Amino acid sequence: MVNMGASSAGPADARGAEISAGLDAVHQRLRRACAEAGRAEDAVQLLAVTKNFPAADVAHLVDLGCTAFGEAREQEATPKVAELRALRPHSHPRWHVLGRLQRNKARQVARWAHRVESVDSERLLTALGRAAGKSLEEGERSTPLEVLIQVSLDDDPTRGGCARSELDALTDIAAETDHLRLRGLMAVAPRDSDPDEAFAQLHRLWVAVRVRFPDADQLSAGMSLDLEAAVRHGSTCVRVGTALLGSRPIAST
Ligand SMILES: *Cc1c(COP(=O)(O)O)cnc(C)c1O
């Protein structure tokens, strides 16, 4: 934990200024990317990826007006969500889950997640549906759990995401699973390839999904290094960590 005690107002202020500058720079990039793509700036949501950063940093982002945060690991996120609640009791941020999720973490995640973006198997859908149902029953949440199907654009299984050939079946199952709400697709651009090509392909897949499921109007694409390309190809949500908060202290997913 970063020391946020009264005696360390100096360093906390310095970190706040750093985060504020990072956020300004990202907003500027987004504004320009939207203008160049002929899209309204509010058509693209900024998801602040806070994995590997402390709750105090999330609190700074809340103070600066950020309302949606991305986390990759349940073990890290669950205590962070509670910590933020203590730091900013009147904030109601929406937490998105990125990164591979084990089925045995579904129950915990259903307590605080607004959306799980990294769904890539029927087994995970079943576990999340069951967990969300339990959470609704217990009064821990009041709305269905939103899900995005993560699709692999390079068929590299180590990076998560279903194969393109599985997409139709998984979207059908997601739409039919009780207590879940299919909202769209998510993908990570393959390494060492042209992100424009990858995101163009992703956009075509998303258009096809939306024909069958109009509610699946979310396309989560673009990170610190390739958000402009993603905005050119219809992204509705860019997931930005490094460009906002700096290099992660620990190598991450
Ligand atoms: C970590 C992560 C991000 C953020 O990446 P940056 O390059 O730090 O912006 C976005 N999406 C996913 C799925 C991630 O795991």
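How covered is helix α2, which residues does it contain that are buried, and which residues meet where α2 packs against α3?

Author: Happy to! Keep in mind throughout that this is a predicted model. Helix α2 is mostly covered, with eight of its nine residues buried. The buried ones are Ala55, Ala56, Asp57, Val58, Ala59, His60, Leu61 and Val62. The helix itself spans residues 55-63, and Gly65, which follows α2, has a positive phi near 100°.

Now to the partner helix. α2 packs with helix α3, residues 74-87, at an angle of about 50°, and the two axes are 9 Å apart. The two helices are therefore oblique to each other. The crossing in which α2 passes α3 is right-handed. On the α2 side, the residues that take part are Ala55, Ala56, Val58, Ala59 and Val62, and they meet Lys80, Glu83, Leu84 and Leu87 of α3. Sorted by class, the residues of this contact are seven nonpolar, no polar and two charged.

The partner helix deserves a look of its own, and Glu76 is a handy residue for that. Glu76 is placed in helix α3, and with 19% relative accessibility it counts as buried, because the limit is under 20%. Setting aside neighbours within four places in sequence, Glu76 is in contact with Thr50, Lys51, Asn52, Phe53 and Glu71. For a sense of distance across the model, take Asp178: it is 102 residues from Glu76 in sequence, and the C-alpha atoms of the two are 27 Å apart.

Helix α6 (residues 167-176) and helix α7 (residues 195-212) have axes that come within 11 Å and cross at roughly 40°. That makes α6 oblique to α7, and here the crossing is right-handed as well. Leu167, Asp168, Thr171 and Asp172 of α6 meet Leu205, Val209 and Arg212 of α7. By class, this contact has three nonpolar, one polar and three charged residues, whereas the contact of α2 with α3 has seven nonpolar, no polar and two charged.

His179, in the loop between α6 and β6, has a phi near 75°, a positive value in a residue other than glycine. His179 is partly exposed, with a relative accessible area of 36%. Further along, Asp192 lies in the loop between β6 and α7, and its phi is also positive, near 55°, again in a residue other than glycine. At 81% relative accessibility, Asp192 counts as exposed.

Among the strands, Glu146 gives another buried acidic side chain to inspect. Glu146 belongs to strand β5, residues 145-150, and it counts as buried at 6% relative accessibility. Apart from neighbours within four places in sequence, Glu146 is in contact with His114, Arg115, Val116, Arg181 and Arg183. Its C-alpha atom is separated by 6.0 Å from that of Leu182, 36 residues apart along the chain.

Finally, here is the setting for all of this. The protein has nine helices and eight strands, and buried residues make up 51% of its 253 residues. Of the contacts with a separation of 6 or more, 65% are between residues 24 or more positions apart. The C-alpha atoms fill a box of roughly 55 × 45 × 30 Å along the principal axes. A compact globule of 253 residues would have a radius of gyration near 18 Å, and the protein has 18 Å, which agrees.

Notes:
Residues numbered from 1 in each chain as written. Predicted model: local features only at pLDDT ≥ 70, side-chain atom pairs only at ≥ 80, totals over all residues. Heavy atoms only, no water. Axes fitted to C-alpha atoms, helices over the stretch in contact; angles between N-to-C directions. Helix = DSSP H or I, 4+ residues; strand = E, 2+ residues; numbered from the N terminus. Parallel < 35°, antiparallel > 145°, perpendicular 65-115°, else oblique. Left-handed = near helix turned anticlockwise from the far one by under 90°. Contact = heavy atoms within 4.5 Å. Nonpolar A, V, L, I, M, F, W, Y, C, P; charged D, E, K, R; others polar. Rg over C-alpha atoms; globule rule 2.2 N^0.38 Å. Buried < 20%, exposed > 50% of the residue type's maximum accessible area, 1.4 Å probe, protein only.
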